[in-house]
Amino acid sequence: FFIRKSRKKTGLLKMVEGKMTDEPIILVDDLINHGYTFDRQIAVTDEAKKQVRAVFTVLRFRDIDFYQKFHERGIRVEAVFALDDFHGSLGISNKDTEDARPLPTVFETKWRFQSHDPKLEWVQPKSGVAMDENKIYFGTDRGILWALQKSDGSVAWKQQIGLKPKGGEIFSTPVLWEGRVYFGAHDGNIYCLDAKTGKRLWVSFEADWIEGALLALSDYQLLIVPAMFGLWNKEGGVMALDLATGKKKWERRVKGAITGAPVYAKKYDALLVGSHDGNIYCLERASGRMLWSFKTLGALYSAVAVSSDEETVVVSSMDGFVYALFVKNGMLKWKFEVGLANYSSPFISEGKVYVASLDKSLYCLDLATGKKLWSFPARARIFASPTIIEGKLYIGSNDARLYELDPITGKQTGYFQVTERITNPLYHDPKTSLFYLTTYANEIYCLKKKD
């Protein structure tokens, strides 16, 4: 059988081609360096409850002791050649690869939950999670909002939304307010459920398509909704609903669809949101009145980020640039060009901007000047957004790997390997010190940091 580097986006969408049997497995590849490629393949076989006996390659880059992580699992590492065998002709040997030590796997899985029948052809950020004291909530491709017990991942309740011709997928990350859970769906509806029981309290039918996360402004009892109107031309807009009743307070239409979550800048009492028409819009919170807009040359798919002093807003555009603007007037502060388009949301912390690109890199920029401080090359495209938790920077990518980095230097300090693409940020519960990782295959991992 063959294990693909990543799932195909068409056809049967299989990760494994051929049939696994109950016989012991030898994984074969052309070479082994750090062994990262084998990590994912072993994760795939683990999930299938199959035993890997050995990995076999033509060429081994490092001394055999480097692969201790495989040895500890009883997996032999065999190779026809090592770099030492070519020292005379190539001028390099295994000693030339001793610049790095094996990176640790920094998490262990406490529990894992997967919803059924994910839509694997859609590679993009999907529903993230919301948490209260006892439960965790997230949506799925098949229109189910799950409420799971944080302690063991068991199902507390689930709510299936009605499907319409265009589908009822839930890509919108839920939000919580006073014992209620709110989310939008591809059927265009906004749902308010009782967080304890899952009972529907109200449904708003104001939009045609909702994909982005909602924003609950509890001080004003407002639910801010990014929406799409019109199934054909995908006109977009922002709505404000009453948190208690779902009654619409105001609505602002724009020319492009809006799929990124709105962000609130309290200092200016303004909402900031990007659109597929390439504009970032600044709206008055109370009325939705347009305060200013700024045009980029590409679609804006993700949420913007606002600095802690609420003076700067940073946006990633599909035109390949990162823009920093002044919140008060929308004037350009700086822009930075990356290798390819930007899909994920920026993250701002302590005077630095962290932003991922589809060029497979994560960039750290100076918030004041836009100067690049460092970049980190991942091994696959990045749709997920970065985040900093307990002093470590985390970013997931399409190679199904969660990278742990030092946020100051960009040096990788650890990783965690799963089987499916990671397209959402890592979530953290500070009360329990547990982490929650979602994949685009409607999976959620509850993780505990290793000592």
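With which residue does Arg142 form a salt bridge, and how far apart are the closest N and O atoms? Arg142 forms this salt bridge with Asp117, and the closest N and O atoms are 3.1 Å apart. A salt bridge is taken here as a side-chain nitrogen of Lys or Arg within 4 Å of a carboxyl oxygen of Asp or Glu. Distant parts of the chain are linked by the pair, with Arg142 in the loop between strand E8 (135-139) and strand E9 (144-149) and Asp117 in the loop between strand E6 (107-114) and strand E7 (129-131), 25 residues apart.

The model is predicted, so local features need pLDDT of at least 70 and side-chain atom pairs count only at pLDDT 80 or more, while totals for chains, interfaces and linings use all residues. Residues are numbered from 1 along each chain as its sequence is written, and side-chain values use heavy atoms, with hydrogens and water left out. Helices (H or I, at least four residues) and strands (E, at least two) are DSSP runs numbered from the N terminus.

Arg142 is partly exposed, with a relative accessible area of 28%, and Asp117 is also partly exposed, at 45%. Buried denotes under 20% relative accessible area, exposed over 50%, and partly exposed in between (1.4 Å probe, protein chains only).

Across the whole structure, 24 salt bridges are found. One of them joins Asp39 to Lys69, with the closest N and O atoms 2.9 Å apart. This pair also links distant parts of the chain, as Asp39 belongs to helix H1 (residues 36-47) and Lys69 to helix H2 (residues 68-71), 30 residues apart. Asp39 is buried, with a relative accessible area of 10%, whereas Lys69 is partly exposed, at 25%.

A further salt bridge is formed by the side chains of Arg253 and Glu235 (3.0 Å, N to O). Arg253 lies in strand E18 (residues 248-254) and Glu235 in strand E17 (residues 235-242), so the pair ties together parts that are 18 residues apart in sequence. Relative accessibility is 39% for Arg253, which counts as partly exposed, and 28% for Glu235, which counts as partly exposed. Through salt bridges that share partners, Glu206, Glu235, Lys248, Glu251 and Arg253 are joined into one network.

Strand pairing was examined next, two strands being paired if DSSP finds at least two bridges between them. Strand E33 (residues 401-405) is mostly covered, with five of its five residues buried. In a regular strand the side chains alternate between the two faces of the sheet. In E33, Arg401, Tyr403 and Leu405 are buried on one side, and Leu402 and Glu404 are buried on the other.

E33 runs antiparallel to strand E32 (residues 392-396), to which four bridges join it. Leu402 in E33 is the bridge partner of Gly396. The two strands E32 and E33 form a hairpin with four residues between them, and Ala400 in the turn has a positive phi of about 65°. E33 also pairs with strand E34 (residues 412-417), in the antiparallel sense and over five bridges. Here Glu404 stands opposite Gly414 in E34. The hairpin of E33 and E34 has six residues between the strands, and Gly410 in its turn has a positive phi of about 80°.

Another antiparallel pair consists of strand E25 (residues 321-326) and strand E26 (residues 332-337), joined over five bridges. Ala324 has Trp334 in E26 as its bridge partner. Five residues lie between the strands of this hairpin, where Gly330 takes a positive phi near 80°.

Surface patches were defined from residues with over 30% relative accessible area and no salt bridge, like charges being joined within 9 Å and nonpolar side chains (Val, Leu, Ile, Met, Phe, Trp, Tyr) within 5 Å. A patch of negative charge gathers Asp63, Asp65, Asp84 and Asp85. Asp84 is placed in the loop between strand E5 (76-82) and helix H3 (87-90), and counts as partly exposed at 40% relative accessibility. Lys5, Lys9, Lys360 and Arg381 gather in a patch of positive charge. Lys5 lies in the loop between strand E1 (2-3) and strand E2 (16-17) and is exposed, with a relative accessible area of 65%.

Ile26, Val28, Phe56, Val58, Val80 and Phe81 make a nonpolar surface patch of about 530 Å². At least two residues of the nonpolar patch come from each of strand E3 (25-32), strand E4 (52-60) and E5. Phe81 lies in strand E5 and is partly exposed, with a relative accessible area of 36%.

Note on methods. Accessible areas come from the Shrake-Rupley method with a 1.4 Å probe; for residues, only the protein chains shown count as cover. Lys and Arg count as positive and Asp and Glu as negative; His and the chain ends are not counted. The place of a charge is taken as NZ of Lys, CZ of Arg, CG of Asp or CD of Glu.
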